[in-house]
Amino acid sequence: MSTGVVTAARVTHRCGGVDQIAAASPESQERAVTELLTVPEIEEAYVLSTCNRVEAYVVGADHAVGRAALEEFFAAVDDEAVVSTDHDESLRHLLRVAAGLESVLLGEDQIIGQVRTAYEDARDADGIGSMLEAAITKAIHVGERARTETAINEGVVSLGSAATRRAANEVDLEGATALVVGAGEMGQLAARSLAAAGIDELVVVNRTVSHADHLVADIGTETEIEATAAPLEALDTVGSRADVVVTATGSETPVVEPRHLGGTAGADADGIEQVVVDLGQPRDVAPAAAGLPSVRVFDLDDLESVTEETREQRSEAAREVEAMIDHEFDLLCEQYKRARADEAIAAMYESAERIKEREVETALSQLEGEEGEAHREVVEAMADSLVNQLLAPPTKSLREAAAEDDWSTIHTALQLFNPEFEADDRPIVPPSIATATTGEATNGDPPIGTAEDD
């Protein structure tokens with residue numbers, strides 16, 4: 001188990017706007033992890049980058065090391081938009097993210113897949129060690145439990161479906177023509193949500209047309225609507241005739257310009273002919289499009305009314321998830337403590353094993369006769385019994401010390417039983433763990449791979 005601490009920083013829809021999140025967004029999650037690992041004393045790193053959050057978690061010798069690395073990572077973002085957290089708060093926040101409690105849309109399903117993908121990217125960049133492995137796998141477990149054991153994800157479950165709900169509040173989707181720009185995960189969710197809302201025609205525009213082809217083929221099989229794919233260049237012709245436009249690309253610059261919009265259908269009572277929902281991060285729609293008299297443009301910040309409605313519906317389920325997170329967080333803290341105690345226990349057993357082997361060989365060399373193998377079995381059994389009996393009490397004491405945050409005892413045990421553990425090595429427990437709420441540790445068990453106590 002790593003002896004460092006977790007430090008994290010983030011820019012999300014709660015603390016920064018679309019532009020701040022765009023400024024924080026890395027070229028890729030894997031490359032961002034690689035960048036963080038180049039900082040001296042950063043042992044592990046994990047970066048989660050989505051349309052409404054950029055979060056970075058690092059493991060370092062202390063929080064000062066972690067904060068310095070993260071300040072550089074978020075250097076392009078205004079300080080007031082960045083939230084920094086120390087060990088316990090960082091771990092608890094990660095559990096909340098995976099459970100959907102920190103999402104724009106409370107309980108949405110997409111985030112848990114994004115947490116998994118970021119985990120794979122970090123692992124590919126060699127950023128996952130024992131500390132983050134335990135934290136992220138625990139977060140994924142919590143996210144799965146939240147969605148299978150509570151009603152946190154009932155109803156609107158993604159930003160794609162939230163975009164459809166937002167559009168439906170402005171125009172009648174029954175019989176409408178919808179345009180989706182982008183065939184990635186968010187674009188797929190939006191396209192399927194629009195198709196289920198009763199539109200007559202769906203056009204999916206994407207830079208790589210084959211990706212759009214696959215999406216419209218699936219939707220065409222599942223529904224009776226007319227679904228077609230087109231390249232980005234087709235925006236000049238298909239953009240103006242759509243009643244609803246939803247954009248969700250990964251482009252660094254806007255792909256939808258005012259000339260692509262305008263609408264051709266009859267205007268409603270407010271003179272609105274076309275609704276555009278921009279889910280892009282950075283923005284997919286040029287800001288000037290909002291000035292068109294017959295077009296109404298919404299971005300991620302404008303989905304709050306839809307998400308607030310969902311939040312109220314899911315408030316009871318959210319309380320259940322909060323209790324679940326409290327319990328799982330306590331288990332994670334206990335897991336860290338147990339691992340640190342087991343490090344000292346393993347060193348203790350290894351030291352005893354070396355002594356046992358030496359003494360067994362000495363005893364056997366003093367025995368004579370042809371029954372040497374039988375003598376060996378008897379002597380080794382006696383030695384194993386002695387080792388287990390001698391080490392059972394300190395094993396129990398070390399685990400109790402870990403449960404009670406008595407890290408000086410654990411540190412001393414490592415010095416006594418591990419010849420490679422120097423007296424001036426740093427403490428083996430993060431300072432913040434000393435404040436964590438803990439349960440009762442399991443006492444008296446030898447570490448995996450050792451003989452059971454008699």
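Me: Which helix supplies the largest share of the lining of the second largest pocket?

Reply: That is α13, with seven residues of the lining. Before we go on, please keep in mind that this is a predicted model. α13 (372–403) is joined by α12 (315–365), and each of them supplies at least two residues of that lining. The second largest pocket holds about 200 Å³ of space. Its lining counts 13 residues, and the closest to the centre are I355, K356, A383, L386 and V387.

Me: What makes the residues of that lining nonpolar, polar or charged?

Reply: The residue type decides: Ala, Val, Leu and Ile are among those counted as nonpolar, while Lys is among the charged ones. The lining of the second largest pocket divides into eleven nonpolar, no polar and two charged residues.

Me: How does the lining of the largest pocket divide?

Reply: There you find ten nonpolar, 18 polar and four charged residues. Gly counts as polar here, and G250 is among the residues closest to the centre of the largest pocket, together with S49, C51, T249 and Q281. The lining has 32 residues, around about 830 Å³ of space. The largest share, four residues, comes from α5. β2 (42–50), α5 (110–124) and α8 each supply at least two residues.

Me: Why is strand β1 called largely enclosed?

Reply: Buried means under 20% relative accessible area. Eight of the eight residues of β1 (residues 5–12) are buried, so the strand is largely enclosed by the rest of the structure. For the protein chain of 454 residues, the buried part is 51%.

Me: Which residues of β1 point one way, and which the other?

Reply: V5, T7, A9 and V11 point one way, V6, A8, R10 and T12 the other, and all of them are buried. In general, side chains of a regular strand alternate between the two faces of the sheet.

Me: How do you know that β1 pairs with β3 and with β4?

Reply: Pairing needs at least two bridges. β1 and β3 (residues 53–60) are joined by eight bridges and run antiparallel, with T7 opposite V58. β1 and β4 (residues 83–85) have three bridges and also run antiparallel; here A8 has T85 as its bridge partner. Both pairs therefore meet the cut-off of at least two bridges.

Me: Why are β7 and β10 said to stand at the edges of their sheet?

Reply: The sheet is open, with six strands in the order β7-β6-β5-β8-β9-β10 and parallel pairing. β7 (226–230) and β10 (295–298) each have a single partner strand, so one side of each is left without a neighbour in the sheet. On average, neighbouring strands of this sheet are turned by 15° against each other, direction ignored.

Me: What makes β5 and β8 a pair within that sheet?

Reply: Once more, the cut-off is at least two bridges. Four bridges join β5 (residues 177–181) to β8 (residues 244–247), and the two strands run parallel. Strands β5 and β8 therefore count as paired. One of the bridge partners in β8 is V244, which belongs to A178.

Conventions:
Residues are numbered from 1 along each chain as its sequence is written. This is a predicted model: local features need pLDDT of at least 70, side-chain atom pairs count only at pLDDT 80 or more; totals for chains, interfaces and linings use all residues. Side-chain values use heavy atoms; hydrogens and water are left out. Axes are lines fitted to C-alpha atoms, for helices over the stretch in contact, and angles run from 0 to 180 degrees between N-to-C directions. On a 1 Å grid over the protein atoms alone, a cavity is a set of points where a 1.4 Å probe fits but cannot get out, and a pocket is an open set with protein on both sides within 12 Å along at least five of seven lines; lining residues have an atom within 4 Å of a point. Grid points are joined across faces, edges and corners, and a volume is the space filled by probe spheres set on the points. Buried means under 20% relative accessible area, exposed over 50%, partly exposed in between (1.4 Å probe, protein chains only).
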